Amino acid sequence: MKVIFAGTPVFAAAALKATAAAGFEIPLVLTQPDRPKGRGMQRQAPPVKQTALALGLRVEQPEKLRNNAEALQMLKEVDADVMVVAAYGLILPQDVLDTPRHGCLNIHASLLPRWRGAAPIQRAIEAGDTETGVCIMQMDIGLDTGNVISEHRYTIAPADTANEVHDALMDIGAAAIVADLQRLRAGGCLNSTPQPEEGVTYAQKLSKEEAKINWQESADVVARKIRAFNPVPGAWTEFDGKPMKIWSAETVNQSGKAGEVLSCTSDSLVVACGKNALKITELQPAGSKRMSIQAFAAGRTVKVGMVL
């Protein structure tokens, strides 16, 4: 069975590796163009391209697929049975969705219809969800609206960050798509179920601005945002007029003026929120690496009563 694979980040690269390891023929891999990254802004190949080249697979990087006759013709010439899509980042128009014999299967990191859209992992943690998962979905023209082929659940632990949930769902998604492709190869079709009309939520794209901590919010809300925005874009506040990222914190039953430093010891910095307080254990001042509170306080003056 011939499988076109379309994806871009590490999440997708894991599924590509698993699909290739399961013995499926992958005549074509689609991924986004190389982009400038890092402090030097050097152009870097996305993880899916790096993985595909290491596997000896053909890689193409079209800027878009909509109204792209050359790309459509390339897909038709491949004559694939199915296309697997995972965090590709480009819109697939109807003519592309219709090209493989069995259409396009998407690996989506939520329990649909909850958290359709760009940032399902982060929004689930931010909202306080205790469960998420992966759905393999038959793609249609809507935004994550297609029928669900299989669902795989994951319990979000109280201390889980977006990075930890991402890695867990990455492995679940890779195994799930292989299992469904094997069922398709064995039976020639896959049963699917329409998504319910109730319970739809949308996971909007993350922004640096929303990651700024609002100390007027309750400590529970702030703690969830710190976990949800770890590692990207990173929850942050201001210290001495400069941005400072907060990487690890938990709620404590203390009170004070919102943003006020209540205590600073060798192992924690306690800051008051609108309700209760936040015990910070790891942070990152501007121009520095991630550090413990002990290392942070050793080189800076932190006084009780300061306001972040």
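This is a short chat about side-chain contacts and annotated sites in a predicted model.

Reader: What kind of model is this, and how are residues numbered?
Author: It is a predicted model, where local features need pLDDT of at least 70, side-chain atom pairs count only at pLDDT 80 or more, and totals for chains, interfaces and linings use all residues. Residues are numbered from 1 along each chain as its sequence is written, and side-chain values use heavy atoms, with hydrogens and water left out.

Reader: How many aromatic pairs turn up?
Author: A search of the whole structure gives 1. F239 and F296 pair edge-to-face, at 5.2 Å centre to centre and 65° between the planes. Rings of Phe, Tyr and Trp (its six-membered ring) pair if their centres lie within 6.5 Å; planes under 30 degrees apart are stacked, over 60 edge-to-face, the rest tilted.

Reader: Where do F239 and F296 lie?
Author: F239 is in strand β12 (residues 236-239) and F296 in helix α8 (residues 293-298), so the pair ties together parts 57 residues apart in sequence. Helices (H or I, at least four residues) and strands (E, at least two) are DSSP runs, numbered from the N terminus.

Reader: Are F239 and F296 buried or exposed?
Author: Both are buried. Buried means under 20% relative accessible area, exposed over 50%, partly exposed in between (1.4 Å probe, protein chains only).

Reader: New topic. How many salt bridges are there?
Author: The structure holds 13. A salt bridge is a side-chain nitrogen of Lys or Arg within 4 Å of a carboxyl oxygen of Asp or Glu.

Reader: What about E210 and R123?
Author: They form a salt bridge, with the closest N and O atoms 2.8 Å apart. The pair links distant parts of the chain, 87 residues apart: E210 is in the loop between β11 and α7 (219-228), R123 in helix α5 (residues 120-126). E210 is partly exposed at 26% relative accessible area, whereas R123 is buried at 8%.

Reader: And E238 with K212?
Author: Their side chains meet in a salt bridge, at 3.7 Å from N to O. E238 lies in strand β12 and K212 in the loop between β11 and α7, so this pair ties together parts 26 residues apart in sequence.

Reader: Which residues does the UniProt "binding site" cover?
Author: The unreviewed UniProt entry gives S110, L111, L112 and P113. UniProt positions use the numbering here, feature names are shortened, and annotations may be inferred rather than shown by experiment.

Reader: Where is S110?
Author: S110 lies in the loop between β7 (104-108) and β8 (116-117). S110 is buried, with a relative accessible area of 0%.
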